[in-house]
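Dear colleague,

I am passing on the structure below, followed by notes on what turned up in it. Please read the notes with the coordinates open.

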Amino acid sequence: MDNRQLEMERLFAEELDRLLAGEEIKPAPEAGEDVSAALIFSQQIIEITPEPNPRFESLLQAKLLSELAQAEAKDNKWYWKIMPRQPVWQAVTATVSVVVIGLIVWLSGIFSQMPVTVPAALAANAATNKAVYAAGEPVQIEVTLTNNTDKPLTLKQFPPIISLMDTATKQPVFTFNNKGTTVARILAPGESAAFSVFWNQRDVTGNLVAGGGYYIELEDLDSQGQPMKLTLTKPAEFEIQPPASDFGDIYKTIEINQSVTAGDITVTLKQLRLTDKGAFLEAFISPPPGYNYRADTDYAAFVTYYIDNGWIKYGGLSTYEKSRDGMAHIWYFNEPIPPEAQEILIIIKNIGEIKGPWEFQITLGQ
Amino acid sequence: MFSLIGLLTLMGGNPEIAGTIAERFTSLYKEFLPKIFKYITYKVTDTQTAEDLTSQVFEKALSKFKSHDAAKGAFSTWIFSIARNTVIDFYRANSKERELQQDKDGLLRQNDNPAPDDLIIKAEQFRMLKSFITKLSQLEQEIISMKFGARLNNRQIAQATGLTESNVGTIIWRTVNKLRNNFREWENG
C-alpha cells in the first residue's frame, strides 16, 4: 500500500472520529476528493441511523430504576433500620461494630475448633506447562491448593473457579466453572489438593483469542456463596503468540475441482483452504459473453454458504485476476469452519452483473 | 471504612446508598443507550427487535452492575461485550429466521410507524444502507456496526476483533467507499 493511500486512511480515520463525536468538520484541501467524499457519506450515514425512540428510552429507564429499587428494598436488612442516616456516621458505627464483634469472637475462641475458610492460610498455586504458546495450542493449567494452617480448612467449591484473564483488558476471556460437579472439600492441616485442566485458547463465543499476555485467577466461594478471589502464591502468567497471518494458519486443504455451468459461464471451484480463523476459496471462471480481459468491467462474484444445513453465511465479494482465458477468483470467509463440519453448500449468486446461481455441494470429510 | 460501607451496602442495601447506585446507573444509561441501540439496529431487521435486544442488554447490565469492578475495565467495554453476546444469542435462538427477509426489490422490511416525510425518507435510506451492509463480509458488517452504531474508536474495535488498529482503519476506509459507491448508484437510479 502506498504512502498516499495510508495518508488518506489516516486523515479519514481522524476526521471520522471527530464526526462521530458530534463535531462539525471541514476536511482540509490536502485531504483530497476521495477523503472528502467518504466523510460526506459518513455524515449521511450518521444522519440516517435511527435514534432510539424517546418514549422507549424513558419507559425502559423507568422500568430499570423500578427493578433496582425493588431489589434494594428486598435486600434491606433489619440492621439498616438502626443505622444512622448520614454516611459518615454509618462509617463510624460500622467500624466500631466490627471492632467490638471481632473482640468478642477473639476472646470467646468459639471458632477455634471448627474448620474455617481463611483465604490467607490457603496457599493457591496455578501454573501453565509453558510460558509461551503458539496460537491454538492447548494450554495445560495445573492448580494446587495447600492448607498451611494447623487446623482443617474448608474449600466451598472444589475445583475452584478458574478464569483466564486478558492482561491488556483485565477481563476474563474464558472461565472454567464446573457448576453442578464441584463439591465442598476439607483440607487437613498441611494437605494439598491438585487438579489440571486444558484450555483450547477459545473464548466464550468459541473463537480463538488474540495473541498477547494472559494470566490466571482462581475463585472459591465465601460464606454467602459469592465468588471470592484466591491469592496466588505467585502470578500465573503466560503468553500466546499471534498467528502468523491475520487470516490464520492453514491447517487443511481440500481439493474440490468441481465445475458448474449456468448461462454460458462455467465456474470451477478449485480449492478450499481452512485456517483457524476462516477459509480461503479459490475458483476459476470461464470468460462470460462479451468478455474483454483488458476492459474495466466488474466481475466480482458474491457468494453465500451453508455449513451442514445451518443458517446462511455471507462470504462476500471475491478478489479476482483476469487473463485471456478467464478469471481466477478468491474469497476469504472470516469465520472458521468448525472442525467437525461434514458438508458445505457454496452458492455463487452473481458474477458482476451476471446472475447465477452456481451451486456446489462439497464434502469436508472431517 | 469506605469498603466496610460498601460491604454492608451490598449485604443490606441501605436505601440512601442505593440512591447513589441509581444515579450512577442512570448517568451511564443515558450515555450508552443510544450507542447500544444504534449498534443493534445495524445488526437486526426491525426497530422492535432492536428495542427488545437493547432492553435485554441493560437488564443484564443492571443485574450485574453492583459487581462490576471499574478497576478491571471500562464500563463501555463491559456493556458492549454484553451487547455483542446478546445479539449472538439472538441469532443462535433464531437461526432459521436469520436469513434476512427481503421483498422482491431486495429491501429489508421494517415495522416503522407512520412518520413525517423526512423521517420516511431517512428510514428508506437506512433500509437501503442496511441492504448493502448485508452484502459485506461478516467482519466488515461487524466493524461498520461498531463504528457507526456503537461509536467505538479504531483501537477499541481492534481489541474487540483481534485485528490491528491499522487493519481496522483500512477495512473501514475500504468498506465506507464500497457502501458509498453502492449507495450513490441507488440514489442516482
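The expected span of a helix is taken as 1.5 Å times one less than its number of residues, a helix being a DSSP run of H or I with at least four residues, numbered from the N terminus. This is a predicted model, in which local features need pLDDT of at least 70 and side-chain atom pairs count only at pLDDT 80 or more, while totals for chains, interfaces and linings use all residues. Residues are numbered from 1 along each chain as its sequence is written, chains are lettered from A and ligands numbered from 1 in the order written, and side-chain values use heavy atoms, without hydrogens and water.

Helix α4 of chain B (residues 75–93) has 19 residues and should therefore span 27 Å, which agrees with the 27 Å between its end C-alpha atoms. Its buried residues (under 20% relative accessible area, with a 1.4 Å probe and protein chains only) include B:Phe75, B:Trp78, B:Ile82 and B:Tyr91.

Over all chains there are 19 salt bridges, each being a side-chain nitrogen of Lys or Arg within 4 Å of a carboxyl oxygen of Asp or Glu. One of them joins B:Arg127 to B:Glu124 at 3.4 Å, N to O; because these two residues lie three apart in helix α5 of chain B (residues 117–133), about one helical turn separates them. B:Arg127 is buried at 17% relative accessible area. In chain A, the side chains of A:Lys130 and A:Glu137 meet at 2.6 Å, N to O, in a salt bridge.

Best regards

Technical notes:
Buried means under 20% relative accessible area, exposed over 50%, partly exposed in between (1.4 Å probe, protein chains only).
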